[in-house]
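Good morning, and thank you for joining. I would like to take you through one structure, beginning with a helix and its charged side chains and ending with the backbone.

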Amino acid sequence: KDVLFVLVETWRSTAFNPELMPGLTAFTKRRPVILSEHHFPGSHCTQYGVFSYLYGVSPFHYAVLRDGNVPSFPLSVLKQSGYTLHGFCSASLRNWGKAGFIISQFTDYKEIIKDQTSFADQEMIADVVKLLKTPSDHPRFIFMFVNSTHQSYYYPKEFEKYTPVMSDNFNHMQGEDAFRKSKDVLYNRY
């Protein structure tokens with residue numbers, strides 16, 4: 001059986017509910033899906049979080065395993081079990097924090113970079129759906145890294161639910177006092 005492994009950048013678990021994500025919650029009821037009820041991220045940094053998920057170890061091992069070019073044990077087991085490894089990412093992960101050693105383990109890997117990450121996510125999802133509809137003689141492990149939920153929290157305008165929202169080009173370095181004052185509009189944007 002194919003395995004679709006979706007990692008969503010900076011995703012708040014409280015956002016996963018039928019009101020905010022009706023399509024995704026409906027999908028999880030139609031398919032066998034594993035959801036973590038008590039999720040703890042591997043790190044607060046992108047490359048370490050991805051590493052932690054794909055290697056199954058603490059990000060404290062990142063530098064040693066990167067410098068030694070040590071492959072991921074879980075990905076190696078999948079390969080040895082006949083899986084082809086496909087990676088899709090809507091961010092520039094390959095060159096971020098020297099994370100190329102993680103990406104190099106995939107049979108094929110595609111990064112989709114656009115000015116607004118929500119457009120990159122949409123293209124990536126279309127590519128994954130196309131791959132899943134393509135018959136294969138081998139089981140596939142498909143890794144998707146969704147990035148529109150990363151800071152600036154891009155989304156198509158028609159998905160705006162709560163208003164007012166903070167501008168998508170807000171200054172992240174404006175300081176704690178300014179963030180406190182704009183907490184609600186920032187929350188609405190997310």
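Let me begin at helix H7, where Glu176 and Arg180 both sit, four residues apart, about one turn of the helix. Helices here are DSSP runs of H or I with at least four residues, strands are runs of E with at least two, and both are numbered from the N terminus. The side chains of Glu176 and Arg180 meet in a salt bridge, with 2.4 Å from N to O. By salt bridge I mean a side-chain nitrogen of Lys or Arg within 4 Å of a carboxyl oxygen of Asp or Glu. Asp177 joins Glu176 and Arg180 in a network of such bridges.

Two remarks on provenance. This is a predicted model, in which local features need pLDDT of at least 70 and side-chain atom pairs count only at pLDDT 80 or more, while totals for chains, interfaces and linings use all residues. Residues are numbered from 1 along each chain as its sequence is written, and side-chain values use heavy atoms, with hydrogens and water left out.

The cut-offs are under 20% relative accessible area for buried, over 50% for exposed, and partly exposed in between, with a 1.4 Å probe and protein chains only.

How many salt bridges does the structure hold? There are five. One of them joins the side chains of Arg140 and Asp2, at 2.8 Å from N to O. This pair links distant parts of the chain, with Arg140 in strand S4 and Asp2 in the segment before S1, 138 residues apart. Arg140 is buried, at 5% relative accessible area, whereas Asp2 is partly exposed, at 35%. Another salt bridge is formed by Asp67 with Arg66, whose closest N and O atoms are 3.0 Å apart. Here Asp67 counts as exposed at 60%, and Arg66 is partly exposed at 22%.

I turn now to the sheet. It is an open sheet of four strands in the order S1-S4-S2-S3, with parallel pairing; two strands pair if DSSP finds at least two bridges between them. S1 and strand S3 (108–111) stand at the edges with a single partner strand each, so one side of each is left without a neighbour in the sheet. From one strand to the next, the twist averages 10 degrees. For such angles, axes are lines fitted to C-alpha atoms, for helices over the stretch in contact, and values run from 0 to 180 degrees between N-to-C directions.

S1 and S4 run parallel and are joined by six bridges, and Leu7 has Phe145 in S4 as its bridge partner. Helix H2 packs on the sheet, touching S1 and S4, and its direction makes about 160 degrees with that of S4. Contact here means heavy atoms within 4.5 Å.

On the other pairings, S2 and S4 are parallel over six bridges, with Gly87 opposite Phe143 in S4. S2 and S3 are likewise parallel, over four bridges, and Phe88 has Lys110 in S3 as its bridge partner.

Is S2 covered or exposed? S2 is mostly covered, with six of its six residues buried. Thr84, His86 and Phe88 point one way, and Leu85, Gly87 and Cys89 the other. In a regular strand the side chains alternate between the two faces of the sheet.

Helix H2 (residues 46–55) has eight of its 10 residues buried, so it is largely enclosed by the rest of the structure. Its buried residues include Val50, Phe51, Leu54 and Tyr55. Among the elements covering them are strand S1, helix H3, helix H4 and strand S4. H2 is followed by Gly56, with a positive phi near 75 degrees.

That brings me to the backbone. Most residues other than glycine have a negative phi, and most peptide bonds are trans. Asn69, in the loop between H3 and H4, has a positive phi of about 50 degrees although it is not a glycine. Lys98, in the loop between strand S2 and H5, also has a positive phi, near 55 degrees. Asn69 counts as exposed at 52%, and Lys98 is exposed at 62%. Finally, the peptide bond from Thr163 to Pro164 is cis, with omega near 0 degrees, and Pro164 is found in the loop between S4 and helix H7.
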